[in-house]
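Open the model in a viewer and keep the selection tool at hand.

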Amino acid sequence: MITDLLKDKVAVVTGGTRGIGFSIVRTYLEQGAKVILFGSRQESADSAVTKLQSENPAWEVFGMAPDLASLQSVEQTISNIIEKFNRIDILVNNAGISAREPLYDYAEEAFDQIMNLNVKALFNCSKAVAPFMRDQGGGCIINTSSMVSFFGQASGCGYPASKSAVNGLTKSLARELGKDNIRVNAVAPGVTKTDMVAALPEEMLAHVTANIPLSRAADPQEVANVFLFLASDLASYVSGSIISVDGATVN
Ligand code: NAD
């Protein structure tokens with residue numbers, strides 16, 4: 001049993017209320033971190049915190065709901081966190097939405113919405129947190145990409161485009177922030193059993209699963225395990241990497 005990999009670390013996890021993000025939060029708490037999870041609404045953040053504290057009342061977990069598309073809102077929230085905890089060691093940019101509309105039906109607002117959350121929020125949170133990481137001597141940023149960032153998808157072009165941008169930001173920020181001892185990596189999950197996947201049409205899910213050599217979707221915990229590795233000192237020389245967790249999915 002691995003324990004205390006993140007003892008006394010402070011982590012911020014966006015999209016931490018359910019799915020992959022919730023598993024990351026729980027895994028970080030199990031390994032001794034204090035975690036501030038972000039949700040889209042304060043109520044959903046609070047209810048995730050309540051659920052986790054009912055599992056273990058000793059866990060130090062807090063919920064917040066900044067507007068991730070607004071740099072000002074994110075900076076205010078990060079400065080409140082720094083005031084309370086004095087540091088942020090780990091930032092996980094995980095909040096994301098997907099859309100599957102064909103180009104012919106794709107609304108401009110839907111494209112903006114996906115870019116605002118999947119890409120701009122990552123920029124905003126990284127920009128707000130990086131100066132504190134630099135000043136405290138280092139830290140790490142882990143972004144949630146997707147397997148479709150590598151090969152696109154046949155409908156819903158905004159989602160893979162946003163995740164390819166996540167890869168570009170990951171590589172670029174790793175190069176830019178390495179001198180400040182900030183490691184930047186991404187995890188590219190394949191099909192993972194969360195609400196996002198429950199929303200997929202049956203035939204699309206069957207098609208996707210047929211292309212997975214491991215013959216099944218991932219459990220969110222199996223994805224969270226890689227976020228644990230990347231956040232820990234075991235990954236001290238890993239930066240600029242995009243790690244696939246997709247059961248060897250073939251396109
Ligand atoms: P989910 O829908 O279960 O959870 C999404 C999270 O994002 C929630 O915590 C939600 O509160 C947050 N969120 C949604 N809209 C928001 C907004 N406007 N502002 C702030 N937060 C918001 O999804 P999931 O499957 O757990 O996905 C998590 C990440 O993993 C996403 O970035 C997704 O693109 C990526 N991903 C998921 C899969 C999969 O198969 N589930 C595969 C590849 C990548």
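Start by selecting Ile97, Ser98, Tyr159, Met196 and Val197, which lie nearest the centre of the largest pocket among its 46 lining residues. On a 1 Å grid over the protein atoms alone, a pocket is an open set of points with protein on both sides within 12 Å along at least five of seven lines, and lining residues have an atom within 4 Å of a point. The volume of this pocket is about 1200 Å³, where a volume is the space filled by probe spheres set on the points, joined across faces, edges and corners.

This is a predicted model, in which local features need pLDDT of at least 70 and side-chain atom pairs pLDDT 80 or more, while totals for chains, interfaces and linings use all residues. Residues are numbered from 1 along each chain as its sequence is written, and side-chain values use heavy atoms, without hydrogens and water.

Next, colour the helices H1, H5 (148-151), H6, H7 and H8 (202-210): each supplies at least two residues of the pocket lining. Helices are DSSP runs of H or I with at least four residues, numbered from the N terminus. By class, the lining has 20 nonpolar, 22 polar and four charged residues. Here Ala, Val, Leu, Ile, Met, Phe, Trp, Tyr, Cys and Pro count as nonpolar, Asp, Glu, Lys and Arg as charged, and the others, Gly among them, as polar.

Now show the ligand. What does the ligand's space correspond to? It is the largest pocket, by the rule that more than half of a molecule's atoms lie within 2 Å of the grid points. Around the ligand are 26 residues, with Thr17, Asn94, Tyr159, Thr192 and Thr194 coming nearest; a residue counts if one of its heavy atoms lies within 4 Å. H7 (195-198) gives the most to this shell, three residues.

Zoom in on the ligand's oxygen atoms. One is 2.6 Å from a side-chain N or O atom of Tyr159, one is 2.8 Å from a polar backbone atom of Ile20, and one is 3.0 Å from a polar side-chain atom of Arg18. A polar contact is a pair of N or O atoms within 3.5 Å.

Last, select Asn93, Asn94, Ala95, Leu117 and Leu122, the closest to the centre of the largest cavity among its 13 lining residues. A cavity is a set of points where a 1.4 Å probe fits but cannot get out. This one has a volume of about 80 Å³, and H4 gives the largest share of its lining, five residues.

Technical notes
A polar contact is a pair of N or O atoms within 3.5 Å; within protein, one must be able to donate a hydrogen and the other to accept it, and residues adjacent in sequence count only if both atoms are side-chain atoms.
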